[in-house]
Amino acid sequence: MLIKQLSIFLENKKGRFTEVAKLLGEAGINMSAFTVSESSDFGILRLIVSDIDKAIQILKDKLYAVSVTDVVCLYCPNQPGALAKAMDIITNAGIFIEYMYAFSQGDSAHVIIRPDDVEKCADVLKANKLTLIAASDLYKL
Amino acid sequence: MIWNETIECMDREEMRKLQSIRLKRVVEHAYHNTPFYRGKMQEMGLTPGDVESIDDITKLPFTVKQDLRDNYPFGLMAVPMSEIVRLHASSGTTGKPIVVGYTRKDLSIWSETVARCLYAAGVTRNDTVQVSYGYGLFTGGLGLHSGVENIGGTVIPMSSGNTQKQIQLMHDFGAKVLACTPSYALYLGETIKESGIPREEFKLKIGIFGAEPWTDNMRKEIEESLGIKAYDIYGLTEVIGPGVGCECACQQGTHLWEDHFLPEIINPDTLQPVEPGEPGELVFTTLTKEGMPMIRYRTRDLTSLHYEKCGCGRTAVRMDRILGRSDDMLIIRGVNVFPSQVESVILEMPEFEPHYLIVVDRVNNTDTFQIQVEVRPEFYSDEMGKILALKKKITAQMQSVIGIQPEIKIVEPRSIERSMGKAKHVIDNRKLV
């Protein structure tokens, strides 16, 4: 139930994200989710894409610094307290979260989590009957 | 291997005698045939007769780069133009270029000194040498070229640029020796790696690199990436071009061919000579050049000279690595900064590529000091914290070596320009009012 997330190092320069989006778009690769983490002179763009191997190839050919990280995608009902419940489980299991990002649509919400121990996190969430989204399903959303 | 044992291993006292005879002759030649030198000597009340031996060299006036610009193009020639068989010029970044002229004899001296360099680095007539210095007005390409022909080796006159073709011919022609700038050697190594051709398919064994200052760390980097032994060759257009000196197998300094080019080290502030072994600015007097003799030419290169006999058997003086150029030196917030210091830090940190760019500016009357670096692909992280930690680490390291804190900017892979010739390491945008 682990999902491969693509990370790209980008300098804070006009048009860098545009170029990445174009490259992926032209190759027919879809983005399901993304987030940007920024510092004063560079940012890290994190993406969940429909064809990660192809995306890596295209970006490496263009000399981008890319890396792949395992994350989990948690399904939550889109209602108050749902996330708190999930977070509680993670925290009680002694798992630390490096970063997370989320998107919601209608009744459902999806939270992408990068914990320090990704296997353990997935196991704990499943043991507590929470739903993890598989990569193949995430791309269909 | 020694090309000219009589000279290269000459007893030091004998060498001094030879140098004294030649110095007298070149001073007379310059005095009588170049109004520029005659004028300068007359101003100081000197005549050629005042120079009896090389100890008298300190009486003579210095020559600086600006003198060559002021006398552009042919004002410093000491022979009629009918005697000049070749011209070279340095790319002047500001103003007029520096022009030098060679007589037929000057060219033969040049190919003699380059031959000594090649032998010192272990190159023989059985070797194929890829000359990837620029051919043309720049002295690098043709200078190395004639030396290789002189020893009877095979030249591939590649010139610089067209990196893919460089690699293809190096591979197909089985080049054993590569001659180019150290920064281009690094770039070639990088490109060979990317090309996917196994390194064992190359015959490359020896690198002869010069035309820009480089460090021992950079040497290691080049040797590892190309699988070769790398030698420093030294030279400058004003004196003759590449081939003023070269390292031998001992690599205990660069041997200078002082029967043709008499070196001195002076304190750049007081202009007085320093003790042997002490650092200072390198000054050359050409002892045999006819076309355009140079009397006490200030190179701006900072180094020191060692006169003890070398393990290779040569008595020829050894010059330390160039510490930097006195005019390359940046003064940032009152601190002297040499690009070579920045380079040494970068090369010691495996997380970074061996390329950098220093950008200096002045904002609100304060100097800004930025160093752009690239992280090696395997060290890029998905976590902001790790990249920021790398940045902190290199900042601290730079500060401890340089003395002031730079702003480190991590840039995307391959965004620092790879150079085909002399690498551009510094952009100084300060406008001094």
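Two residues are in contact if their C-beta atoms, placed from the backbone, lie within 7 Å. The structure described here is a predicted model.

## Ala179(B) and the nonpolar core

Leaving aside residues up to four places away in sequence, Ala179(B) touches Val129(B), Gln130(B), Val131(B), Ser132(B), Tyr133(B), Leu144(B) and Ile208(B). Ala179(B) is also among the residues that touch the most other members of the largest nonpolar core, together with Val72(A), Ala121(B) and Ala185(B). This core holds 141 residues. Helix α5(B) gives the most to the core, with 7 residues.

## Strands β5(B) and β6(B)

Strand β5 of chain B covers residues 177-180 and pairs with β6(B) in the parallel sense, over 4 bridges. Within this pairing, Cys180(B) stands opposite Phe209(B) of β6(B).

In a regular strand the side chains alternate between the two faces of the sheet. Strand β6 of chain B, residues 206-209, is covered on both faces. Ile206(B) and Ile208(B) lie on one side, Gly207(B) and Phe209(B) on the other, and all of them are buried. Ile208(B) is also one of the residues touched by Ala179(B).

## Packing of α5(B) against α6(B)

Helix α5 (residues 104-120) and helix α6 (residues 139-151), both of chain B, have axes that come within 7 Å and cross at roughly 75°. Angles of 65 to 115 degrees count as roughly perpendicular, and α5(B) and α6(B) are therefore roughly perpendicular to each other.

On the α5(B) side, the contact is made by Leu107(B), Trp110(B), Ser111(B), Glu112(B), Val114(B), Ala115(B), Cys117(B), Leu118(B) and Tyr119(B). On the α6(B) side, the residues are Gly143(B), Leu144(B), Ser146(B), Gly147(B), Val148(B), Asn150(B) and Ile151(B). By class, the residues of this contact divide into 10 nonpolar, 5 polar and 1 charged. Leu144(B), which belongs to the α6(B) side, is also touched by Ala179(B).

## The sheet with β20(B)

Chain B has an open sheet of 4 strands in the order β20-β19-β18-β21, with mixed pairing. Strands β20 and β21 (426-428) of chain B each have a single partner strand and stand at the edges, so one side of each is left without a neighbour in the sheet. Direction ignored, neighbouring strands of the sheet are turned by 20° against each other on average.

Strand β19 of chain B, residues 366-375, pairs with β20(B) in the parallel sense over 5 bridges. The bridge partner of Glu374(B) is Val411(B), in β20(B).

## Contact between chains A and B

Chain B gives 13 residues to the contact between the chains, and chain A gives 14 residues. On the side of chain B that touches chain A, the elements that give two or more residues are α11 (384-402) and β20 (407-411) of chain B. The edge strand β20(B) gives the most to this side, with 3 residues. The residues on this side of chain B divide into 7 nonpolar, 1 polar and 5 charged.

## Helix α10(B)

Helix α10 of chain B, residues 339-348, is mostly covered, as 7 of its 10 residues are buried. The buried residues are Pro339(B), Ser340(B), Val342(B), Glu343(B), Val345(B), Ile346(B) and Leu347(B).

## Backbone features in loops of chain B

A cis peptide bond joins Tyr72(B) and Pro73(B), with omega about -5°. Pro73(B) is found in the loop between α4 (65-70) and β1 (84-90) of chain B.

Two residues other than glycine are described here for a positive phi: Ser159(B), with phi near 65°, and Arg296(B), with phi about 45°. Ser159(B) lies in the loop between β4 (154-156) and α7 (163-172) of chain B. Arg296(B) lies in the loop between β11 (280-286) and β12 (297-303) of chain B. A residue counts as buried if 20 or more other C-beta atoms lie within 10 Å of its own. Ser159(B) has 20 such atoms and is therefore buried, whereas Arg296(B) has 19 and is partly exposed.

## Ser40(A)

Ser40(A) is found in the loop between β2 (31-38) and β3 (42-49) of chain A. Ser40(A) counts as exposed because it has 9 C-beta neighbours inside 10 Å. Ser40(A) and Lys62(A) are 22 residues apart along the chain, and their C-alpha atoms are separated by 24 Å.

Notes:
Residues are numbered from 1 along each chain as its sequence is written. Chains are lettered from A and ligands numbered from 1 in the order in which they are written. This is a predicted model: local features need pLDDT of at least 70, side-chain atom pairs count only at pLDDT 80 or more; totals for chains, interfaces and linings use all residues. Axes are lines fitted to C-alpha atoms, for helices over the stretch in contact, and angles run from 0 to 180 degrees between N-to-C directions. Angles under 35 degrees count as roughly parallel, over 145 as roughly antiparallel, 65 to 115 as roughly perpendicular and the rest as oblique. Ala, Val, Leu, Ile, Met, Phe, Trp, Tyr, Cys and Pro count as nonpolar, Asp, Glu, Lys and Arg as charged, and the others, Gly among them, as polar. A residue is buried if 20 or more other C-beta atoms lie within 10 Å of its own, exposed if 12 or fewer, and partly exposed in between; C-beta atoms are placed from the backbone. Two strands pair if DSSP finds at least two bridges between them. A nonpolar core is a set of buried Ala, Val, Leu, Ile, Met, Phe, Trp, Tyr and Cys residues joined through C-beta atoms within 7 Å.
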